[in-house]
Amino acid sequence: MKKENDNKYAQITTEQCKQILQKLVQINTCQPEGNEGKLADVILEMLPENIVYKKINHSKTRASLIIKVNGETEEGGIAFVGHMDTVACGDYSQWSYPPHDAIVKGDILYGRGSADMKGGDAAMILALKWMLETKKRPKKSIYFCFTADEESKGSGIRGILEDGMVNKVDEIIICEPSDEKIGTCEKGAFWLKITVQGKQSHASRPDLGINAVEYVEKLVAELKEQVETGEVHPILGTTTASVTKLCGGIMTNIIPPTAEAELDIRTVPGISHEHILKCTEEIADRFRKEIPGIQITIEVMNDRPALETSKDSPLVKQIMKTAQMVGISTEDKGHYFYTDASQIIPEISVPFVIAGPGDDALAHCINEHISLESVRRYAKLYQKYLEKYYL
Ligand SMILES: [Zn+2]
C-alpha cells in the first residue's frame, strides 16, 4: 500500500518545481510597484483553460487571484494562501546572481522572492495541477489564493475578503516559508507614533522650556519596560518593543520644541493591543499632568493581532500527521513576522497553519534562496493533505 502511494507522489519532481519557480521569480513583483497582475496571468497560463477563477484587480497593474476547485458542497472548504509580491532587491551589486535570473546551482534556486514566497506559490500550483489532473470532485471546495501587496498594506488579502468567495472556508494554510516545520502561531504587530510638543528656549535656560526630545525618550522607555515584561509564550517568547525612528531637535544650543518616536511592538498571542494603547495613554496622561504645557499625541500606524491555532484543533493534528509522512518536522514553530493571516483570520475566525517551503530567516535578505527539494516536499504535503481529507 505504502509503495503504491510513494509512486503516486513521485510524480511531483524537483525538475517541475524548478520550471515553475523559475517562471515566478523571473517576473519582477518587487514592492512598491508590485505588478502582480502580470504574475497572475503567468500563473493562469500554467493551468488548463476551463478552470474556475476570479482575478481581482486592485489597480491597472496590481491584482490578486483566486482559483477554485468546486466541491460537492458550497459549505466550508480549505484555502491555500500565498502572496505574489516581494520586497525590493536592495543593492544589486551585493547579490551573487542577478535577483530575477532565478539561477539554479545544484538543489538551490537563487532570487528575490524564492523563499518569501514564490517557492510556496510554486508548491500551491503543483498541488492545484495535481488536483485538476485527478479530475475528481472534492468533498468540499478548495481555493488557491494568490495575493498582492502582502509586504505592504495587504490590499490583496483585503480585496479577497471583500470579494467574499473564500470567506466560508473551514481552514486556511498560509504557504509562507516555515523552515521544514509547521507554524501554529504568529506574532502581532502594533506600530505607534508618539509626538511630543514642548516649548523652545535657550539651552542655557532649560528651565524656561519643555524639552520634547527628553520627554519622548522618557515616555517610550517607560512604555517599553511595561510592554516587555508581559507574559512569556512557549514558542514566541515575549512581546518586544523597539524604537525604530526618533527625530527632534534644531541645534545644540536650543531646547527642542518637538520630537517624534516610532515604535514597532511585536506582541505574543493573548496580549491585547487595546491594553497597550491604554498603557501608553496612561503614561501620556501622567506627563500631561506633571508638565503643564506639554502636548502628546499617539497615533496607531499598524495593528495586526497575534494569532495562534490550538494544537488540539483537527487542522493541526491532521497536518502534523501528513507532515510526518512527507518528512517535514512536527517540532514547535512560530512566526515572528505577520503574514496575510493577520488580516483574514480575525475576520473569518478559522484555524490556520503556516506551512511552506524555504527558510523564513532568508526572507528579505540579499542572496535569498530556496531548496527545490523543499518546494517538492511541501507540494507533496498539500497534495497528500487534500487527498486524505478532501477526496
Ligand atoms: Zn512573505
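**Cores, helices and one buried serine**

In the largest nonpolar core, which has 58 residues, Ile43, Ile67, Phe80, Phe144, Ile173, Leu381 and Tyr382 touch the most other members. The model is predicted: local features need pLDDT of at least 70, side-chain atom pairs count only at pLDDT 80 or more, and totals for chains, interfaces and linings use all residues. Residues are numbered from 1 along each chain as its sequence is written, and side-chain values use heavy atoms, leaving out hydrogens and water.

User: What makes a set of residues a nonpolar core?

Analyst: Its members are buried Ala, Val, Leu, Ile, Met, Phe, Trp, Tyr and Cys residues, joined through side-chain atoms within 4.5 Å. Another core, of 25 residues, lies apart from it; among its members are Ile194, Ile276, Ile291 and Ile298.

User: Which residues does Ile67 contact, beyond its neighbours within four places in sequence?

Analyst: Contact means heavy atoms within 4.5 Å. The partners of Ile67 include Ile43, Leu44, Leu128 and Phe144.

User: Why is Ser178 called buried?

Analyst: Buried means under 20% relative accessible area, exposed over 50%, and partly exposed in between (1.4 Å probe, protein chains only). Ser178 has 0% relative accessibility, so it counts as buried. Ser178 sits in the loop between strand 7 (171–174) and strand 8 (185–186). Helices (H or I, at least four residues) and strands (E, at least two) are DSSP runs, numbered from the N terminus.

User: What makes the link between the side chains of Ser178 and Tyr378 a polar contact?

Analyst: The limit is a pair of N or O atoms within 3.5 Å; within protein, one must be able to donate a hydrogen and the other to accept it, and residues adjacent in sequence count only if both atoms are side-chain atoms. The side chains of Ser178 and Tyr378 are joined at 3.3 Å. That is a polar contact.

User: How do you know that helix 3 is mostly covered?

Analyst: Count its buried residues: 7 of 10. They are Glu36, Gly37, Leu39, Ala40, Val42, Ile43 and Leu44. Their cover includes helix 2, strand 1 (52–57), strand 2, helix 4 and strand 6.

User: At what angle do helix 6 and helix 7 pack?

Analyst: Helix 6 (residues 212–228) and helix 7 (residues 273–290) pack at about 140 degrees, with axes 10 Å apart. Axes are lines fitted to C-alpha atoms, for helices over the stretch in contact, and angles run from 0 to 180 degrees between N-to-C directions.
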